[in-house]
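Hi everyone, thanks for making time this morning. I'd like to walk you through one structure, so let me put it up on the screen.

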Amino acid sequence: MSDVRRSFLLSLADSYLAIVLQLVSTMIIARILTPKEVGIFAIAAVISAFANMFRDFGFAEYLIQARNLDTDRIRAALGMNIVMSWGMAALLLVAAPWVAEFYKEPGVGDVLRVLSLSFVIVPFGAVVQSWFRRELNYRPIAITNALSSITAFVVSVTLAIAGFSYMSLAWSSFAGIVVTVLGSLWFRPRGFPRWPGVKGIAEVFHFGKYASGIYILAQAGRGAPELIIGRVDGASDVGMFSRANSLVELLRRLLERPVMQVCLPYFAKEGRESGAIAPAYASSVGLITGAAWPALACLGALAYAAIRLVYGDQWTPAVPLAQILCLMCALDMVTMLSREALLACGEARRAGVLQLEVTLLQIAGLMLVVPYGLHGAAWGMVLAAAGALLFAWRHLYVAIGLRAMMIVRACTKSALLTVSTAGPLWAATWLWPVSEDNFVRWGLAGGIGAALLWVAGLRLLAHPLWDEAEQVFRRLLRRPDPAAH
């Protein structure tokens, strides 16, 4: 367990740095670019992210969960990834003018051409990073990601100020990936395979055809709002929805990214050693919701202050959208680890079926309510997230024996913690509404007050997150655990 905690702490530090830099760059760029310019990049970014799911083809998950990983399998994974990556790069280049014409925005094609460049180089660093994740050795990944985040921040802000408009975001994304690949190659272990191979590629393909489908479908669900809204309502509405969603995504990434980097190798290790993944899954959900639910509830209460502070006054129509999406994200937190748990026990096909069901729910929810505008699109995402809870539990019950009461017990203290943390904040906003005149004071006072209430609630409720924090601090301070004597 010490390897898991060490990797999680490094991943957490990496995520904190990335979030801070993204937050600062967003605050600057949101005051330079218009909603239309942000929307143009958002449309292209969703399409590129969708292609990235094809590029990955599940090779990272294959390398992490494989029981007997040898040189031939690593070479085969690299070979498969190169074929898929270069194929996606060519496809994006060819499709760029057609996509630009479909959305009636030439800039979408320009952004896609730049983003396609990263597909050519990314395989050579991605395999190495997957190996480090398998070994729960997050130090090289954290250093590489930190350098990448700093590079992307500098490039995006510099080019935006210089007048590169939405292309500043495209070039910053490419620059960050270049640094990630170079850093991965620098830390590559001695003797690690450098060249692709074909022996064992059938095994990689068999696993990847299911695993890649999971993430392709997941990206389709995440990108559906921007793509559908962009076609129905135009780039400006995409920009407004994107800004509301990006505020929630900042918090989601802070909570989700360090966990997602560690959970698959952790579940796979538990499956190999004890054969029981359900208890690890339930306890992980309890820890995640203990941090995520109070934070999302507080963000909903302070959405006006957060958007005014981060984005500026031109984005205030995004406030109610962000509040609705906080509810969607809270529901997602219960099922966010379901795919990884299924992959860890070798149920790639079942994980793919689950993701297909969830994606169809998301698209159906959007199509039913998007005629009612941006608010309808946001509520459609909430309905889809609620339905995903039922589908995920059914698959997890069959695959790993996860019972509904295990999740209920794991989340009960998190629910009480959310009420004790965010309840006073919501009551205060009803009594003294957040406005143009007081949003700065509200943001600072509300954030500090909620943080103090959260820490107090962790201790008084004896939440498992408190026990984990105590063990982390003991490790940092190098104090022995009294329970060990």
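Predicted model: local features only at pLDDT ≥ 70, side-chain atom pairs only at ≥ 80, totals over all residues.

Where does E357 sit? You'll find E357 in helix α15, which covers residues 348–369. And what does E357 touch, once we leave out residues up to four places away in sequence? The answer is F391, R394 and H395.

Now let me zoom out for a moment. The protein has 19 helices and zero strands. Of its 485 residues, 55% count as buried. If you take the contacts between residues at least 6 apart in sequence, 84% of them join residues at least 24 apart.

Next, a pair of helices I'd like you to look at. In general, two packed helices are described by the angle between their axes and the distance between the axes. Here the pair is α17, residues 404–431, and α18, residues 439–460. Their axes come within 8 Å and cross at roughly 155°. Angles over 145 degrees count as roughly antiparallel, so α17 is roughly antiparallel to α18. As for the handedness, α17 passes α18 in a right-handed crossing.

Which residues make that contact? On the α17 side, they are L417, S420, T421, P424, L425, A428 and T429. On the α18 side, we have W442, G446, A450, L453, W454, G457 and L458. Sorted by class, the contact between α17 and α18 has nine nonpolar residues, five polar ones and no charged ones.

How many disulfides does a search of the whole structure find? It finds zero. Take C298: this cysteine is in no disulfide, and the nearest cysteine sulfur, that of C326, is 9.9 Å away. A disulfide would need the two sulfur atoms within 2.5 Å. C298 counts as buried, because its relative accessibility is 9%. C329 is in no disulfide either, and here again the nearest cysteine sulfur is that of C326, at 7.2 Å. Is C329 buried or exposed? C329 is buried, with a relative accessible area of 0%.

That's my tour, so over to you for questions and discussion.

Terms used:
Residues numbered from 1 in each chain as written. Heavy atoms only, no water. Axes fitted to C-alpha atoms, helices over the stretch in contact; angles between N-to-C directions. Helix = DSSP H or I, 4+ residues; strand = E, 2+ residues; numbered from the N terminus. Parallel < 35°, antiparallel > 145°, perpendicular 65-115°, else oblique. Left-handed = near helix turned anticlockwise from the far one by under 90°. Contact = heavy atoms within 4.5 Å. Nonpolar A, V, L, I, M, F, W, Y, C, P; charged D, E, K, R; others polar. Buried < 20%, exposed > 50% of the residue type's maximum accessible area, 1.4 Å probe, protein only.
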